[in-house]
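Try each one before you read the solution.

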Amino acid sequence: MAEADTALPARHHRVQPVAAAWMALKAWWNQDVRDGIDRGNVLRRVASESASTPRYIFMICMSAGIAILGMLLSSPAVVIGAMLLSPLMGPILGAGFALAEGKFIWLRLCAKALFVGTLVAILFCAFIVFVSPLQTVTEEIASRTRPNLFDLLVALFSSLAGSYAMIRGREGTIVGVAIATALMPPLAAVGFGLATWNWTVFQGALMLFITNLLTIALTATVMARLYGFKRTHNSRNGLLQNLGILAIFVLLAIPLGLSLQQIAWEANGRRIVTRVIEDRFDLRSRIDQLSIDWDAEPLQITASVLTPEFQPDAGEAATRILSRDLGVPVEVAINQFQVSADPGAAEQAALAQARQREQSEAAQRATQSLVSELALAAGVDRDEVVVDGDKRRVMASARPLSGLTLEGYRELENRVASGTQDWTVQLRPPLLDLPSIALDDNAPTQAGAEAIRVIDWAARRTGVPIELIGPADALDTAIEQLGEGLDIRRVERSGAEQITARWAVAPSGTDRE
C-alpha cells in the first residue's frame, strides 16, 4: 500500500508539466493568435468569393475551356493556366467556414454555387470535346483518372494554406493553392469521359474531384474552428463534428490508400519486368517499347527489343522468372528486331522507330480530322463515316439540308478534299433535282457544261441511273461528255431548247425523284 502511495505522486509529477505546457500553448493560441483575427471581416471576404455570380460562371467557362484544350494538347503549361483561373476554391472554402459557423443558409448558397459551377464546367468541356477532332486519352487526361492517397494529402495541405491565407488576410497565396489542388482539370477530364462515353475516365476523374472537394471543405472547417469560427462553444457538438470529419477522412483514405498501393505495386513490377527482360540480352541491346496489361489474367507483357543477336528462349525464360518474382501468372511476348552490332546501333534504331511511330500517330490524327470534317459537311455523326484504309478513301451519305442543291454538296466535297492529298473523299448527296443542260445550237453552253459536270458527279456518287430528255444531237454530245460507266437512259425529243435530266427508276425499284 505504501508503494502505491509513493507511485501516485510520481506519476502526478510527470503529467503535471505536460498539462502545464498544454495550458500555456492553449493560452498563447487564444490570446496571441485568435484575438488578432477580425472574424467579421474574414467571413465577409470568404462570403464574397463563394457566391454564384455571372463573373463566377464566366470564369468557370474560361477555366474549363483552357483546361480541356490543354489536356487534349497534352500541354502542362496550358493546364496550369486553367488552374490559375479556376474560381472553385472560393465556394469550397465558403462551405467549410459555413459549416464551422453553423450558417446553413450560407452553406446552401455555397453548395448551389459548387453544383452550378461543376455542372457548367463538365458540360462546357464535354461540348468542346464533342466538336473537337482530337478525342484521344492523353497523358494529361490519364493522370487524373487514378486518384490515390497522395491526392488527398495534396488537397489537405492546399486547404490548410488556403484557409490560413484567407484568415490572415493573405489571399494572394490562394493562386498557388489553386495550382496545387487542381480543381478544374479533374472536371475537364470528367467532361472528356462524358463526351467520349469513356466511363473509366469519367469515374476516375470524378472521384479525384470529389476527393479534393471534400478534403478542402472539411479541412477548412477544422482550420476555422481552430481560429474561433464556431457558432457554439458546446464541447459535445464540437466533438461530434470533429468525429464526423475524421470518419469522412478515414472513408476517403481507405480506397485512396489501396489505389496508391496498387500504383506502387505496378511501378515496382515495371522495374522488375524491365530488369528481367534486359538480363535476357547483352549490354548492346535495348528495350524499345514495353507494354503491361495489369488487368489481364494472366498478366500480359509485350516488349520490343532491339538486339544484335536473337535470343530464341528469351520469352519463355522471362515468363518463368517473372511468374516467380511477381507472384502472379504472366505471359511474356518479346518481339526482337535485329540491329547492327556497331556501338550506338540500338539507339539509332530506337530513334528511327520513334520517328516512325510519331509519323504514324500524326497520320492517325490527320485521318481523324478528315473524318470529322466530312461528318460535319454531311451533317452526320462521325461513326457514320466509312473509312477504307486500304484504298485510302473516306465516304459518307449526306443528310438533306434545306436550300442546298447538288452543286452545293459537290462544293462541300471539294472543300473537304482540298485539305488532304493522300485520301479520296466521297460525299454521297441526297437524290435532289438534277440541273438542266442549257443548249445553244444543239450544243451545251458554258452553264450547260457545268451542269453536265454536276450530273456526272451526282450519278457516280449515288450509283442511281439517270434519264436525259432532249434533241438527239445534243444528247449524243452530252452523253459523250458524261463519260463511261454511267447508267444513262436517253429519251429523244426534237425541238427542245435544253436537255432535262432526272433520276431514272433504279434496278432495285427505287422510285423516280
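**Exercise 1.** Work out what share of the 513 residues counts as buried.

*Solution.* Start with the cut-off: buried means under 20% relative accessible area, with a 1.4 Å probe and protein chains only. By that test, 41% of the residues of the protein are buried. Keep in mind that this is a predicted model, where local features need pLDDT of at least 70, side-chain atom pairs count only at pLDDT 80 or more, and totals for chains, interfaces and linings use all residues. Residues are numbered from 1 along each chain as its sequence is written, and side-chain values use heavy atoms, leaving out hydrogens and water.

**Exercise 2.** Find the aromatic pairs and classify their geometry.

*Solution.* First, the rule: rings of Phe, Tyr and Trp (its six-membered ring) pair if their centres lie within 6.5 Å; planes under 30 degrees apart are stacked, over 60 edge-to-face, and the rest tilted. That gives 2 aromatic pairs. Next, Trp-197 and Trp-199 have ring centres 5.5 Å apart and planes at 90°, so they're edge-to-face. Then take Trp-199 with Phe-202: at 5.2 Å centre to centre and 80° between the planes, this pair is edge-to-face too. Put together, Trp-197, Trp-199 and Phe-202 make one aromatic cluster.

**Exercise 3.** Which helix holds both Trp-199 and Phe-202?

*Solution.* Helices are DSSP runs (H or I, at least four residues), numbered from the N terminus. Both residues sit in H11 (residues 199-226), 3 residues apart, or about one turn of the helix.

How values were computed. Buried < 20%, exposed > 50% of the residue type's maximum accessible area, 1.4 Å probe, protein only. Helix = DSSP H or I, 4+ residues; strand = E, 2+ residues; numbered from the N terminus.
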